[in-house]
Amino acid sequence: MTQPESLASARLYLCTDARKRQGDFEDFVDAAFEGGVDIIQLRDKTLEAAEELETLAVLRSVAQRHGRLWAVNDRADVASISGAPVFHIGQKDLPLTAARTLLPNVTGIGLSTHTPAQVDAAISASSGHMGLDYFCVGPVWATPTKPGREPVGLDLVTFAAEAVTRAETAATLPWFAIGGIDLSNVEQVVAAGARRIVVVRAITEATDPTAAAKSLLQALDAF
């Protein structure tokens with residue numbers, strides 16, 4: 001495993017756009033980290049590379065101040081140039097083997113999964129030369145951040161929990177449930193076997209991002 005040491009203990013992962021409409025990106029990510037978010041990924045398809053690098057520089061500065069991780073989505077070139085400690089890819093993005101050749105060994109790489117076969121493949125990739133460092137399972141419920149993507153439901157969360165437990169990587173391979181998760185349903189996700197979650201609207205649409213993050217962590221701790 002090549003993952004940053006703090007990735008193994010991460011529980012709350014936030015994806016956010018550049019918040020152009022609100023104009024508060026730096027204050028927002030600072031508030032989210034203050035509430036206990038472990039990783040913040042910038043995911044904004046409207047950004048050109050130069051603007052994405054500028055926004056990532058802000059994210060990097062705030063993350064370092066809090067001693068937390070930050071992530072780049074899809075683009076390995078941007079991840080490499082920005083020095084991102086975490087890089088995330090989807091099933092149809094740059095192949096894992098290609099991403100690994102472009103990024104330093106210390107960069108943690110994560111992969112989205114949507115089927116049992118993809119979960120099994122992710123677990124296998126974590127123990128081989130490809131060096132996958134974490135994976136996400138979802139979307140558990142339908143979400144506007146992934147329009148047209150069919151939800152996988154809680155059954156795949158349970159499948160992932162059982163599959164990781166059976167694997168030799170059980171103690172070291174982090175995985176996250178993602179997709180429509182908020183305070184109203186996090187209990188169901190944890191009951192299905194997840195101990196880590198990725199959220200978007202549960203924090204990005206909150207009037208108080210710090211309080212929202214704290215509440216989600218408290219919910220995770222309660223089960």
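## Pockets and strands of a barrel

The lining of the second largest pocket contains four nonpolar, five polar and ten charged residues. (Asp, Glu, Lys and Arg count as charged; Ala, Val, Leu, Ile, Met, Phe, Trp, Tyr, Cys and Pro as nonpolar; the others, Gly among them, as polar.) The model is predicted, so local features require pLDDT of at least 70 and side-chain atom pairs pLDDT 80 or more, whereas totals for chains, interfaces and linings use all residues. Residues are numbered from 1 along each chain as its sequence is written, and side-chain values use heavy atoms, without hydrogens or water.

**The barrel.** Eight strands form a closed barrel in the order S1-S2-S3-S4-S5-S6-S7-S8, and their pairing is parallel. (Strands, E, of at least two residues and helices, H or I, of at least four are DSSP runs numbered from the N terminus; two strands pair if there are at least two bridges between them.) Strands of a sheet pair through backbone hydrogen bonds, either parallel or antiparallel.

Strand S4, residues 86-89, runs parallel to strand S5, residues 108-113, and four bridges join them. Within this pair, Ile89 stands opposite Leu111 of S5. S5 is in turn joined to S6 by four bridges, again in parallel, with Gly110 placed opposite Tyr134 of S6. Three bridges then link S6 to S7, which also run parallel. Val137 has Ala177 of S7 as its bridge partner.

Ala177 belongs to strand S7, residues 175-178. Ala177 is classed as buried because its relative accessible area is 0%. Residues up to four places away in sequence aside, Ala177 touches Val137, Val140, Val157, Val189, Ala194, Arg196, Ile197 and Val198 (contact means heavy atoms within 4.5 Å). One of these, Val189, is twelve residues from Ala177 in sequence, and the C-alpha atoms of the two are 7.4 Å apart.

Thr210 lies in helix H9, residues 209-221. With 17% relative accessibility, Thr210 also counts as buried. Beyond its neighbours within four places in sequence, Thr210 is in contact with Ala31, Glu34 and Gly35.

**The two pockets.** A pocket is an open set of 1 Å grid points where a 1.4 Å probe fits, with protein on both sides within 12 Å along at least five of seven lines; lining residues have an atom within 4 Å of a point. Volume is the space filled by probe spheres set on the points.

| Pocket | Volume | Lining |
|---|---|---|
| Largest pocket | about 570 Å³ | 37 residues |
| Second largest pocket | about 470 Å³ | 19 residues |

In the largest pocket, Arg43, Ser112, Lys146, Arg149 and Ile178 lie nearest the centre. Strands S1 (12-16), S4, S5, S6 (134-137) and S8 (197-199), together with helix H8 (201-204), each give two or more residues to the lining of the largest pocket. S6 gives the most, with three residues. By class, the lining of the largest pocket has 13 nonpolar, 14 polar and ten charged residues.

In the second largest pocket, the residues closest to the centre are Thr16, Asp17, Arg43, Thr145 and Val200. Both S1 and H8 supply at least two residues of the lining of the second largest pocket.

Terms used
Buried < 20%, exposed > 50% of the residue type's maximum accessible area, 1.4 Å probe, protein only.
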